[in-house]
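Please examine the sequence and the structure shown below. The report then turns to selected helices and their packing.

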Amino acid sequence: MPEYSDLSVLIVDPNPGMRASLHNMLNLSSISKIEYAVSSGTAIRQLGKKSFDIVLCEYDLGSGSNDNGQDGQQLLEDLRLHKLIGQWTIFIMLTSEGVYSKVISAAELTPTDYILKPFTVDVLIQRITRAVDRRAVFMPVFHLVGLGNLRKAIGSCGELELQHPRYAIDFARLRAEMHVTLDELAEAALIYQAILVQRPLGWAHLGLARCQHGLARYEEALQTLNALIEENPKFMAAYDLLAKTHEAMGQAVQAKKILEDAVAISPHMVARLRHLGEVAFETGDVGVAEKAFKQVVAKAKYSEFRDPEDHVNLVKTLVKKGDANQAGGVIRDLERSLRGNANTDACRAIAAALLQEMTGNLPAAAAELATAVTAVGTSRGLSTGLKVGLVHSCLKNKLDSQASELMINLMNDTDSGISTDDAVDVFEKAGRHDLALEVGDTVNRQVEELLTDAADKRSQGDLRAAVDVLNIALRKTPGNVPLLTAAASAILKQLDDLGWEAPLGERCGELIERVRGLAPAHPALATLHAQYTSTQRKYGISTTA
């Protein structure tokens, strides 16, 4: 029997008898570093403090009660979503045969392994041995990924694939996923296509569709996803991407229908229910939106990662329905059950403003909105959509300074995805051309300051810092031609002096093409293109230009 005394294990099971039995089984394989969690909440808190090599998790964490917290699959969803377990963590689900047959067909977040109860110590140790042996093969790649060195990790996959041909497809999958992380979707798509030539694997079809979607090849993505669902009607992640693809094509009604079908098959995934609620609200289907958001709030009740924005979404839907009593009840639940959450004050104020506006108390609504804008400043992780919605509400209630302040903060947040054009569009659609000009002038001043800062850094020889500053400026005004040419020039200087870096080289090419699209007669265009091809040749990069 293998010696595993160095392995650490977290047992997640509400049943003390089962915990003791698992402990004894593990001891027979010299595993003594064992800790326990009796629920999903305690498991999340423990995994937030330290990592474990193995998690043995009972599927039925509610001991048979449907309203007593999350099940093991929902726990795994939270752990993966919030990155509390790494790729190297072995997660083994313990479940009855009846539950397994239901879960395995619909589970999109699969554990390392399932073990059907009842099982013997030999079965448990055999599964752990298999998982540990496999992990050892992939650990060099996992280590590089953990360090953030994806380029080296991709190369390591190729080397290890030659040494371990039995895992060739798994290494190819890892390479594709890392290319996606690097936003190299065309390269990832080629890998998925090569895999599919060998075997028609569902996850490879899904990966290919994600690349097609990311490259805005929506018709191709639809074909790939529809074929995948026809072959495997319970491949749930395919429904989610299919809905997003229809949304990207402006087909919200079709997206709603697809999400409704998916929820009918697998009704417990909170993220999918939330998406259904959002799409249903957008299409005016208040009934479906209300049902979906109520389920989100109810199912998230036992999660350590409850999001007060879910309460805002439900209140927004009930207000649209005209149900003030239920909306008030949801706000009270938000205040009571999410006290202490960093985002609760902002979300409560936004929800309360919606209700006050519905009941005609506009001064009270304006006061709540002003409170919400202040609270947003101390919040953490509120969505861009919620903040933009708050801007709209401020404009509607004539809180001009608050709307401008919030929008400028959004544009200065590099993670928000809001550019000057987006902000101006919001104000123009609200009929506030004056505020659009004001915000545009503010951002232009900020961009000028950034251009000066970048020029100073470049003159001092700090080329990387200059490029970083220009990229920040570009996120504010991605269509600013002088900024685009300055950024392309700075990148070319860095590449020429410090060496070729493929992602940066691709970025430079994109910037030059953006200039060509916006200003095809720009006098700097020919010079930039000549410098770009010259730098490529300097480092032996093949060019067709």
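This is a predicted model: local features need pLDDT of at least 70, side-chain atom pairs count only at pLDDT 80 or more; totals for chains, interfaces and linings use all residues.

## Helix H8

Helix H8 comprises residues 185–198, and its end C-alpha atoms are 20 Å apart.

Leu185, Ala188, Ala189, Ile191, Tyr192, Ile195 and Leu196 are the buried residues of H8. They lie on the same side of the helix, because the arc they cover around the axis is only 160°. Helix H7 (168–181) and helix H9 (202–214) are the elements against which these buried residues pack. On the face turned away from the buried side, H8 carries Leu190, Val197 and Gln198, which are exposed.

## The H16–H17 pair

Helix H16 (residues 324–337) and helix H17 (residues 344–358) have axes that come within 10 Å and cross at roughly 165°. The two helices are therefore roughly antiparallel to each other, and H16 passes H17 in a left-handed crossing.

On the H16 side, the contact is made by Ala324, Ala327, Gly328, Ile331, Leu334 and Glu335. H17 contributes Thr344, Cys347, Arg348, Ala351, Ala352, Leu355 and Met358.

## Helix H23

Helix H23 (residues 463–476) reaches 21 Å from its first C-alpha to its last, close to the 20 Å expected for its 14 residues at 1.5 Å a residue. H23 is mostly covered, with ten of its 14 residues buried.

The buried residues of H23 include Leu463, Val467, Leu470, Asn471, Leu474 and Lys476. Among the elements covering the buried residues of H23 are helix H20 (400–412), helix H21 (420–429), helix H22 (433–459), helix H24 (481–498) and helix H25 (502–518).

Terms used: Residues are numbered from 1 along each chain as its sequence is written. Side-chain values use heavy atoms; hydrogens and water are left out. Helices (H or I, at least four residues) and strands (E, at least two) are DSSP runs, numbered from the N terminus. The expected span of a helix is 1.5 Å times one less than its number of residues. Buried means under 20% relative accessible area, exposed over 50%, partly exposed in between (1.4 Å probe, protein chains only). The arc is that of the directions from the helix axis to the C-beta atoms. Contact means heavy atoms within 4.5 Å. Axes are lines fitted to C-alpha atoms, for helices over the stretch in contact, and angles run from 0 to 180 degrees between N-to-C directions. Angles under 35 degrees count as roughly parallel, over 145 as roughly antiparallel, 65 to 115 as roughly perpendicular and the rest as oblique. A crossing is left-handed if the near helix is turned anticlockwise from the far one by less than a right angle, and right-handed if clockwise.
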